[in-house]
Amino acid sequence: MAQAITDILAWRSDLQVLWKFIRATDANGATYGDEFLEPLRPYLENERLRMESWLDVQPVTLLETGHIVLSVHHGGAGCYHEALG
C-alpha cells in the first residue's frame, strides 16, 4: 500500500492522500518498524499525505464533500455502500 501511494503521489502532483492507518502488531504484540515509510517521507513532510489512526469525522462525511476521487477500504458492507453513495 505504501508503494502504491508513493507511486500515485509521484504521478499526480494535484492529489492528496488521507490514510487511516493503525499499525499492526505481530504475534508477540510488537509493532513493526518504520522502514515502509521511507518512500512516503517526502509526501508526509510536504503534507500531501496524512496518516491518521482515527478520524474525527465519519468517512461518509468526507465522501459527501465531492472532493474524494478514490476510496480504498477493507470490503465491509458499510464502507462499500458509503463509497457507492
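This is a predicted model: local features need pLDDT of at least 70, side-chain atom pairs count only at pLDDT 80 or more; totals for chains, interfaces and linings use all residues.
1. Helix H1 spans residues 2-11, and its buried residues are Ala2, Ile5, Thr6 and Leu9. These residues lie on the same side of H1, because the arc they cover around the axis is only 100°.

2. What lies over that buried side? The cover on the buried residues of H1 includes strand E1 (17-20), helix H2 (41-45) and strand E2 (49-52).

3. The largest nonpolar core is made of 10 residues. At least two of the core residues come from H1, and at least two from E1. H1 gives the most, with three residues.

4. With neighbours within four places in sequence left aside, Leu37 is in contact with Arg23, Leu44 and Met51.

5. Is Ala77 buried or exposed? Ala77 counts as exposed, because its relative accessibility is 51% and the cut-off for exposed is over 50%. Ala77 is part of helix H4, which runs over residues 77-84.

6. Ala77 can also be placed relative to Trp54. In sequence, 23 residues separate Ala77 and Trp54. In space, the C-alpha to C-alpha distance between Ala77 and Trp54 is 20 Å.

Methods:
Residues are numbered from 1 along each chain as its sequence is written. Side-chain values use heavy atoms; hydrogens and water are left out. Helices (H or I, at least four residues) and strands (E, at least two) are DSSP runs, numbered from the N terminus. Buried means under 20% relative accessible area, exposed over 50%, partly exposed in between (1.4 Å probe, protein chains only). The arc is that of the directions from the helix axis to the C-beta atoms. Contact means heavy atoms within 4.5 Å. A nonpolar core is a set of buried Ala, Val, Leu, Ile, Met, Phe, Trp, Tyr and Cys residues joined through side-chain atoms within 4.5 Å.
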